[in-house]
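Visitor: I would like to go through this structure with you. Could we begin with the terms and then turn to the details?
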Amino acid sequence: MTAAATDSRALTVHLLERGLIDADDEIDISPLTGGVSNDVVAVRGQRCDFVVKRALDRLRVEQTWLADPARLDTEGRALRVAGSVIADRVPRVLDLDDGYLVIERAPHRWRMWKEMLLDGVVHQHIAEQLGRALGIWQRETAGNAVVAADFADRTAFVQLRLDPFHRAVRDRHPDLAVPIDRTVSAMDQAAVCLVHGDYTPKNVLVDPDGADLWVIDWEVAHLGDPTFDPAWILGHLLLKTLHRPVVAPGYAAAARVFLDALTRTHDAAIDLDPEQLIRQTGCLLLARVDGKSPVDYLDDAARDRARTWARRLLMNPPVTVTDIWELSS
Ligand SMILES: Nc1ncnc2c1ncn2[C@@H]1O[C@H](COP(=O)(O)OP(=O)(O)O)[C@@H](O)[C@H]1O
Ligand SMILES: [Mg+2]
């Protein structure tokens, strides 16, 4: 019996026990992560169509295995909080039990925003909705004592973001240590609002023909720095600009639309430090070329330009982060 078959059987038993499927349902289970980690699957049957995320099994290296059950629980709880603030921007949590998170599945025609951006298709209304949603989440979770207590733990965030990104690029570029250290220390001190922690176009599922979108993958959510999530959207739009310079005006417009929607929605309830936002964006750019998980779509010349922009953002910052598009053209 293969590992996959064993996993499918265990999952089927779990879904039956939890009343999510019936004994006579014929279900099809297929991986959604391209089969590499195989911990996100679609489950489809006559009466069901949902997504299940699993805590990885014991065959994984110890560190990953130890981290995963807690991350899955964080994701389920964060999705519930996010859904209670804005119901239609996240999948509904159908169940969270025994290492399985069961969530609503997006309509099948929806696409990852990353794919559309890489294709050069930049829907400004998606950028607007994404900024608005983040603004509402930040505004509504700031000063919430329950959220503060429930998302105080930053272990996964440190393991999966701070160490492989900020600290890895600091080691690689010691001459940038001062601004990177400032960024990290500001982040350490900020416990302002719920931070998604992976707010990238890869984790945004969109209706290609409409304005609907969901933000998924909340496993490193924590109470933290409000500049972190917007920096990831801005940084990723910069990376797409390097990949497809001809679409630069579209990506730049999306960055401005996103940031404008975010700050308007804050309605002065969140202090988004523009200098920290610029530094975070610089760190992210550098992290995605020299950190532990570089993006897979840039050539050497584009990677060099990313380093130049990141240096500019960290050492000689413009007034606002989106000015980098003018400075670089
Ligand atoms: N609710 C969902 N509806 C449809 N597809 C989903 C859903 N959740 C996840 N996926 C698909 O599974 C992929 C991996 O899920 P994600 O939660 O981002 O996990 P990770 O990136 O940690 O593997 C996503 O990129 C997306 O293609
Ligand atoms: Mg993801």
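Guide: A cavity here is a set of grid points where a 1.4 Å probe fits but cannot get out, and its volume is the space filled by probe spheres set on the points. Please note that this is a predicted model.

Visitor: How many cavities of 30 Å³ or more are there?
Guide: The count comes to 3 cavities of 30 Å³ or more. The largest cavity holds about 50 Å³ of space.

Visitor: Which residues line the largest cavity?
Guide: Its lining consists of Asp-39, Lys-53, Arg-54, Ala-55, Asp-68, Arg-71, Leu-72 and Glu-219. Two elements, strand E3 (49–54) and helix H2 (62–85), each give two or more residues to this lining. H2 gives the most, with 3 residues.

Visitor: And by class, how many are nonpolar, polar or charged?
Guide: The lining of the largest cavity has 6 charged and 2 nonpolar residues, and no polar ones.

Visitor: Changing topic: how many aromatic pairs does the structure hold?
Guide: There are 5 aromatic pairs. In one of them, the ring centres of Trp-110 and Trp-214 are 5.4 Å apart and the planes are at 65 degrees, so this pair is edge-to-face.

Visitor: Where do Trp-110 and Trp-214 lie in the chain?
Guide: Trp-110 is in the loop between strand E5 (100–104) and strand E6 (111–112), while Trp-214 is in strand E9 (residues 213–215). The pair links distant parts of the chain, 104 residues apart. Both Trp-110 and Trp-214 are buried.

Visitor: What about Phe-165 and Trp-232?
Guide: Their ring centres are 5.4 Å apart and their planes stand at 80 degrees, so Phe-165 and Trp-232 also form an edge-to-face pair. Phe-165 belongs to helix H6 (residues 155–172) and Trp-232 to helix H8 (residues 228–243), so the pair ties together parts 67 residues apart in sequence. Phe-165 and Trp-232 are both buried.

Visitor: Which ring does Arg-77 lie over?
Guide: Arg-77 lies over the face of Phe-151, at 4.9 Å from the ring centre.

Visitor: Now the backbone. What is phi at Asp-217 and at Asp-267?
Guide: Phi is near 65 degrees for Asp-217 and near 50 degrees for Asp-267. Most residues other than glycine have a negative phi.

Visitor: Are Asp-217 and Asp-267 buried or exposed?
Guide: Asp-217, in the loop between E9 and strand E10 (222–224), counts as buried because its relative accessibility is 16%. Asp-267, in the loop between helix H9 (248–266) and helix H10 (274–290), counts as exposed at 62% relative accessibility.

Note on methods
Residues numbered from 1 in each chain as written. Chains lettered and ligands numbered in written order. Predicted model: local features only at pLDDT ≥ 70, side-chain atom pairs only at ≥ 80, totals over all residues. Heavy atoms only, no water. Phe/Tyr/Trp six-rings, centres within 6.5 Å; stacked < 30°, edge-to-face > 60°. Helix = DSSP H or I, 4+ residues; strand = E, 2+ residues; numbered from the N terminus. Buried < 20%, exposed > 50% of the residue type's maximum accessible area, 1.4 Å probe, protein only. Lys NZ or Arg CZ within 6 Å of the ring centre and 35° of its normal. 1 Å grid on protein atoms, 1.4 Å probe; cavity = no way out; pocket = protein on both sides within 12 Å on 5 of 7 lines; lining within 4 Å. Nonpolar A, V, L, I, M, F, W, Y, C, P; charged D, E, K, R; others polar.
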